[in-house]
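Open the model in your viewer and keep the selection tool ready. We will go from stop to stop, selecting as we go.

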Amino acid sequence: MSDVDANRADVVIAGGGQVGLALAVALRTAAPNLAVTVIDAGDPAARKRATRASTIAAGGRHLLERLGVWPEIAGEAEPVTSMTVTDSRTGDTVRPVFLTFDPGAGSDGPGAHVVADGVVVDALYRRARALGAEVREATRIDGYEDEGARLVCRTDAGDRLAARLVIAADGRRSKLRELAGIATVGWSYGQSGIVATLAHEHPHGGRAEEHFLPGGPFALLPMKGLRSSLVWTEPTELAERLVAMRPLVLGDELARRAGRRLGRIEIVEGPRHFPLGLSLARSFVAPRLALAGDAAHGMHPLAGQGLNLGYRDVAALAETLVDAHRLGLDLGDLNVLERYDRWRRFDTVEMLAVTDVLNRLFANDNPAMRLIRDIGLGVVDRLPAVKERLAAEARGDTATAPRLLRGMAL
Ligand SMILES: Cc1cc2nc3c(=O)[nH]c(=O)nc-3n(C[C@H](O)[C@H](O)[C@H](O)COP(=O)(O)OP(=O)(O)OC[C@H]3O[C@@H](n4cnc5c(N)ncnc54)[C@H](O)[C@@H]3O)c2cc1C
């Protein structure tokens with residue numbers, strides 16, 4: 001069919017969020033002869049205006065360095081120099097500290113940075129274009145036909161686009177995952193995360209803090225200057241009421257939870273709220289299709305790991321595909337894609353389980369549960385070996401970590 005042949009790529013990526021664009025950049029950097037097209041449903045004008053910020057662990061930073069975008073991002077990224085976790089009640093003036101991390105302990109710079117999502121997406125978008133990836137915005141993929149040797153995607157603009165491999169990086173409600181008939185397991189937490197950017201009176205000193213309050217975790221993440229990113233979890237009904245409140249009343253509720261360390265606080269962006277849940281695709285691959293990022297897994301943001309897992313998917317999938325391409329293999333072949341599925345499944349399930357257990361353990365005010373969890377966290381704090389293992393995972397410093405996470409070229 002001529003219209004199909006006129007629109008052909010080796011790889012089509014559905015979704016131009018951080019995961020989809022990072023994949024496009026990784027593939028074009030290591031294999032410039034691969035034709036890569038990214039189709040993104042989002043509004044281009046909104047790209048830089050994301051209210052959300054993310055904590056990027058050292059492994060993710062290594063990947064962004066290798067992709068050549070970190071120099072553009074670094075000026076907007078605040079290093080996290082310490083992290084404090086408390087188990088407290090709303091309004092507590094003294095909050096016993098149960099877990100401390102020093103993410104600055106790594107030999108190659110800070111263990112984590114906080115940066116606005118829009119800054120990263122914009123840098124990746126420009127890099128993908130500069131490397132010759134085609135990026136079509138404000139267009140969604142809403143169907144495809146399986147022609148055996150290729151999938152032919154249909155967009156809402158009426159275009160048809162054929163590829164040997166389609167990557168679904170189209171977020172938590174992935175249309176491509178649904179079209180492929182890949183089921184998910186998971187549940188809603190009945191909670192929502194309220195996010196906003198805050199301006200405050202006193203410096204944060206690079207300290208991230210998370211208070212496990214009965215409604216859910218309340219986290220303040222340091223951003224550049226006198227600003228912090230808020231991720232505040234509450235039962236969904238309360239979160240909706242809070243976001244709809246007049247700014248003065250909401251500011252009061254916020255101040256009760258934030259304590260006095262940062263002085264006067266003002267919301268400068270947001271608030272917005274996102275429903276929270278756990279989801280895991282039963283398979284990350286199907287013939288000629290691979291899932292990456294939130295399309296493959298969704299988790300509670302309490303450990304700030306959703307995007308970091310997505311970056312690990314990017315590194316493992318790019319390595320799998322580039323290795324196969326060098327051997328002249330068909331990138332959409334299920335035998336090729338299964339290497340990626342095996343690589344990512346265990347790590348993903350482990351992280352989903354950890355965040356799920358922590359949320360269940362903490363999101364209540366039962367005194368017996370308080371005692372158990374406080375002992376548990378205190379124990380972790382006194383076990384340097386356990387803390388080091390968690391930190392090594394985050395740095396990409398393990399034997400099974402893909403090359404990009406370890407700062408190596410593909
Ligand atoms: C409150 C909150 C706080 C968080 N904080 C952190 C944190 O501190 N650290 C961390 O690591 N993670 C964090 N996360 C998780 C992180 O935000 C996500 O894991 C990450 O954004 C997922 O990126 P993605 O590219 O997979 O998906 P998305 O960012 O959702 O991007 C998907 C893209 O696909 C496009 N799209 C959708 N459907 C289609 C279609 N049919 N065709 C074409 N395009 C389509 C969309 O327009 C979008 O651009 C947080 C999440 C929440 C909810």
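Select helix H3 (residues 58–66) and helix H9: their axes come within 9 Å and cross at roughly 45°. Axes here are lines fitted to C-alpha atoms, for helices over the stretch in contact, and angles run from 0 to 180 degrees between N-to-C directions. H3 and H9 are therefore oblique to each other. (Angles under 35 degrees count as roughly parallel, over 145 as roughly antiparallel, 65 to 115 as roughly perpendicular and the rest as oblique.) H3 passes H9 in a left-handed crossing. The near helix is then turned anticlockwise from the far one by less than a right angle; clockwise would be right-handed.

Show side chains next. Gly-59, Gly-60 and Leu-63 of H3 meet Asn-308, Tyr-311, Arg-312, Val-314 and Ala-315 of H9. Contact requires C-beta atoms, placed from the backbone, within 7 Å. The classes here are four nonpolar, three polar and one charged. Ala, Val, Leu, Ile, Met, Phe, Trp, Tyr, Cys and Pro count as nonpolar, Asp, Glu, Lys and Arg as charged, and the others, Gly among them, as polar.

A word on the model. It is predicted: local features need pLDDT of at least 70, side-chain atom pairs count only at pLDDT 80 or more, and totals for chains, interfaces and linings use all residues. Residues are numbered from 1 along each chain as its sequence is written. Helices (H or I, at least four residues) and strands (E, at least two) are DSSP runs, numbered from the N terminus.

On the H2 side, pick out Ala-22, Leu-23 and Ala-26, among others; on the H9 side, include Gly-310, Val-314 and Leu-317. This contact has 13 nonpolar residues, two polar and one charged.

The axes of H9 and H10 come within 9 Å and cross at roughly 165°. That makes H9 roughly antiparallel to H10. This crossing is right-handed. Among the residues in contact are Arg-312 and Asp-313 of H9, and Arg-339, Trp-343 and Asp-347 of H10. Count the classes: eight nonpolar, two polar and five charged.

Which element gives the most residues to the shell around the ligand? Select the ligand to see. H9 does, with four residues. In all, 33 residues surround the ligand, the closest being Gly-15, Gly-17, Gly-171, Gly-293 and Gly-306. (A residue is near if its C-beta atom, placed from the backbone, lies within 6 Å.) The shell holds eleven nonpolar, 16 polar and six charged residues.

Last stop: a sheet. Three strands form an open, antiparallel sheet in the order S3-S7-S4. S3 and strand S4 (78–79) stand at the edges with a single partner each, so one side of each has no neighbour in the sheet. Two bridges join S4 to strand S7 (residues 112–116). (Strands pair if DSSP finds at least two bridges between them.) Find Glu-78: Val-114 in S7 stands opposite.

How values were computed. Contact = placed C-beta atoms within 7 Å.
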